[in-house]
Amino acid sequence: MHNPKKNPDGKSRREFIKNAAIASSFMIVPRNVLGGVGFIAPSDQLNLAAIGAGGKGASDIRNASVNGRERVAALCDVDFSGSAKASVERFPDAKRYADFRKMLDTEKDIDAVTISTPDHVHGPAAKYAMERGKHVYVQKPMTHNIKEARMLTEMARSQKVVTQMGNQGGSNDLLKLVQKWVDDDKIGKISKVEVWTNRPVWPQGGAFPKPNPSAKPDALNWDLWLGPSPEIPYTPELHPFSWRGWWNYGTGALGDVGCHLIDIPFRTLGLHYPTDAECSVGSVYSGMWTPDYHPDGCPASSFISLNFAATPKSKSPINMTWMDGGIKPAHPDIIPADQEIGGGANGVLIIGEKGIIATNINDSSPLMPKLYLNDGTQEFGPQTEENIEPEYGHQRKWVDACKAGYGSSEHKGLTSSFDYAGPMTETVLMGNLAIRSYMLRRENSKGQQEFYGRKKLLWDGDKLLITNFEDANQFVGRTYRPGWEM
């Protein structure tokens, strides 16, 4: 493991244990005699830490511990008075920290971390951990912006650490059925993908909430919660969940479920960076004629269009559309009128010349993969799923890969290592870049406000550059508060 504790002779903890194990192999004494049935030697355990121990972080670190098989050495959270209490109760011996930087600098024996903070802290936390040689599991979206995703993808390779993004549906075995239909050319040449969601299901599209410092919980470290974002007074509506709809902290509906839904066509069609992006958003009118304008937050609904070049799997250019806020595509004639398309509230249609593949969101149970052909043939995957382990073993497989090491077959078998999750996250976040560009406005020569970014944005993925509208490039990355730079 990276940055392991040294013994007096300068050997790493892992090297020392390995040599000791070889030496002890001459003693014919089974381990279960020494430690009891089911005993796991400390040398065989991964030392884990959680950055974000409440909410989704509680299940991430719990699943990564594999029912106590691995050791949870430390927990980091800005507020242990909330849902993080569950992690404290489950791992009472773990040391507690508010600042992940202090934790990683103090606990030298940590091998790997789960990162389950709000989106705006994903990048800084992952970077800090990987710089210190720690393997990282980062909740979706992998990062808050496109530039961070590219940076972490490249850093994972240079640091040779094992990574996984927390879109657990990527490990859903039923995706193999969708992949087989595509690979077997069941629906022929594919040119269109439609993706939709009922998100947001949190407050979004209105004015930024008002601060109320007097309401701050005593146990909450608000400065650390803000992290790289500008300093503002405590605002109750942001913590612990409704931050999702505000650009300084969250990534909206796309960041919430885009990495689950877009993952399906991105993976099965072997897509890469989009070549362009454009969008439109729903307007909210509090008064006559003039729509409300809140550029600091995500809109109540949006429609995104992304185009992709042909790939060996798609064999032709692909147009992908994304709809959120409850907007859905039209019901295709090929799908019986009394059947839901996709999963109803969320879904994906992969449309080919010979038929359609329809699925639910990939972390749902069931995924409900369905094949509809123009000749009337229908083939459905299982309508129920037997999940043998939590979240398809997504965290456990990452832990096994960490123990096997960078470049191992276990590592190469991960479904969302940063080599895959980075480009996919960039694609998801390209939709948000289009939305933010769409909302740019300025006063024209007539004294009127004009929206000057409402155009198709041409994207050079290799250079991380919008080539036809310079002002949109401000949204490729972000500005960081001092001390949180990437």
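Which residue in E4 does Ala 49 stand opposite? In this predicted model, Ala 49 faces Val 113 of E4.

Strand E1 covers residues 47-51, and five of the five are buried, so the strand is largely enclosed by the rest of the structure. Buried here means under 20% relative accessible area. In a regular strand, side chains alternate between the two faces of the sheet. In E1, Asn 47, Ala 49 and Ile 51 point one way, while Leu 48 and Ala 50 point the other way. Both sets are buried.

E1 pairs with strand E4 (residues 112-115) in the parallel sense, over four bridges. Strand E2 (residues 71-76) is also parallel to E1, and five bridges join the two. Within that pairing, Ala 50 has Leu 75 of E2 as its bridge partner.

Strands of a sheet pair through backbone hydrogen bonds, either parallel or antiparallel. An open sheet of ten strands has the order E14-E13-E12-E11-E7-E10-E9-E8-E17-E18, with mixed pairing. Its edge strands are E14 (378-380) and E18 (465-466), each of which pairs on one side only.

Strand E7 (residues 190-196) and strand E11 (residues 347-352) run antiparallel and are joined by six bridges. One of the residues involved is Trp 196, whose bridge partner in E11 is Gly 347.

## The largest pocket

Rolling a probe the size of a water molecule over the atoms shows where empty space is left. The volume of the largest pocket is about 730 Å³. Its lining consists of 40 residues, and those nearest the centre are Gly 54, Ser 116, Thr 117, Pro 118 and Pro 240. Helix H6 (119-131), helix H9 (222-226) and helix H10 (252-261) are the elements that give two or more residues to this lining.

What is the make-up of the lining of the largest pocket by class? There are 17 nonpolar, 13 polar and ten charged residues. Two domains contribute to the lining: domain 1 (42-169) and domain 2 (172-390 + 417-475) each supply at least three residues.

Key: Residues numbered from 1 in each chain as written. Predicted model: local features only at pLDDT ≥ 70, side-chain atom pairs only at ≥ 80, totals over all residues. Heavy atoms only, no water. 1 Å grid on protein atoms, 1.4 Å probe; cavity = no way out; pocket = protein on both sides within 12 Å on 5 of 7 lines; lining within 4 Å. Points joined across faces, edges and corners; volume = space filled by probe spheres on them. Nonpolar A, V, L, I, M, F, W, Y, C, P; charged D, E, K, R; others polar. Domains from an automatic or database assignment. Buried < 20%, exposed > 50% of the residue type's maximum accessible area, 1.4 Å probe, protein only. Pairing = 2+ DSSP bridges.
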